[in-house]
Amino acid sequence: MFGKKAGTEELEAFYPIRPECVAEIPKTRFKPRAGKTLSARRWQAAFSETGCLDIAKVLRRIQRGGIHPSIKGLVWEFLLGCYNPNSTLEDRNQLRQQRRERYSMWKTECRNMVSVIGRGNFITTPIITDDGQPIEVEGCRVTSAVSDKKVAQWMLILHQFGLDVVRTDRALAFYEDKANQAKLWDVLSIYSWVDDDIGYVQGMNDICSPMVILLENEADAFWCFECAMRRLRENFRCSTTSIGVQSQLGTLSQVIKTVDPQLHKHLEDLDGGEYLFAFRMLMVLFRREFSFLDALYLWEVRGKIPFISSKSDVMWAMEYNPNIFWSYEQPDGASDSNYGQLNQKMLKQYGKFQRKNLETGYADKNNALAVFLVASVLETKNKQILKEAKGLDEILGDITGNLDAKKACQEALKLQNKYLKKAKRP
């Protein structure tokens, strides 16, 4: 647990930076809150004798001060819907073992096609030609020509996210070890094989990397990533006529038009009314706009909630839905539509952002907190945009690493409250 004088330095010790990169990495602005963070001790105390989790108690603690790094991965497994909080320890151990075996089966299947998978190495050059002929690559063997369309499409992209892996969080000491880079590549390789509908799109590496760092077991990291992708996969569905986050960009446009008509009109005049400049932020949840630590904070600690309390909140916790596990396991078996039947005890099992949407009856699936975060960034730069922006490239400028995550969260929650009030007006 963080001590009374704990600060960013102690937090950074969990995610050390390579010495040669320290000077170029933005300092994180998030500081842990001593005595308020969900600690390993409080986490263990939230389980019953049979292993059922008191999710309401956990959400309250997370929303006060975030999650201690030593248990972050374990907590994320629940927040992202890997496990049902009402399951017993025996239930979860059985499910975990089944998932690990399934992952091992997929990995073996993939290794039989591409020998480098699971060998602590990865590729950054093509292994087959466009017509399926093998290309000789050191350490990777493709024994014969590939005629199967699914296999060929998969093999053709393997080197592409190998190149992305090399660039992923490269300032972190964790990825100095090539075995860890290979672990990330293996997870992405197997996910793109299993989910061939989406496959691989640049940016998935940014979402997957924290799971690989936080969860030691590769199979567990895969399933945590798979659950995260359940809610994010449509962000990565792109075609020649549409982009995955288009619906969220539409919601963003409506939010700014409602809360700040002057800014929206100015953006339209700059030919930015479709808000395509926010594409990257929504697709990878600000991973490239913040330092690694602040990105995790942004996914977790969500500033102050003026319409509920003055305490800290967290992203996965704020958007938490107690039906999330069953919505994955039985897609037609869980619903939030009967809000009137939810009592206060049941409502406490929802994250505060999700609870607010239920209370106001606002059910737009694109009403994600990330949309309001982008809106908060635009509102923060309102005067600068109105006065100086003469083109799309000048709307946000180079903001990488220069945003204050906590302030962005605070403003996002204010905007959500303002928008929901105005949206309800006839």
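Biologist: What is the relative accessible area of Glu20?

Modeller: The model is predicted: local features need pLDDT of at least 70, side-chain atom pairs count only at pLDDT 80 or more, and totals for chains, interfaces and linings use all residues. Residues are numbered from 1 along each chain as its sequence is written, and side-chain values use heavy atoms, with hydrogens and water left out. Glu20 falls in the partly exposed class, which lies between buried (under 20% relative accessible area) and exposed (over 50%), for a 1.4 Å probe and protein chains only. Its relative accessible area is 48%.

Biologist: Which residue forms a salt bridge with Glu20?

Modeller: A salt bridge needs a side-chain nitrogen of Lys or Arg within 4 Å of a carboxyl oxygen of Asp or Glu. For Glu20 the closest N and O atoms are 2.9 Å apart. The partner is partly exposed at 22%; it is Arg18.

Biologist: Why are Arg167 and Asp164 about one helical turn apart?

Modeller: The two form a salt bridge, with the closest N and O atoms 2.6 Å apart. Asp164 is buried at 5%, whereas Arg167 is partly exposed at 45%. Both lie in helix α6 (residues 149–167), a helix being a DSSP run of H or I of at least four residues. They are separated by about one helical turn because their spacing in α6 is three residues.

Conventions:
Helices (H or I, at least four residues) and strands (E, at least two) are DSSP runs, numbered from the N terminus.
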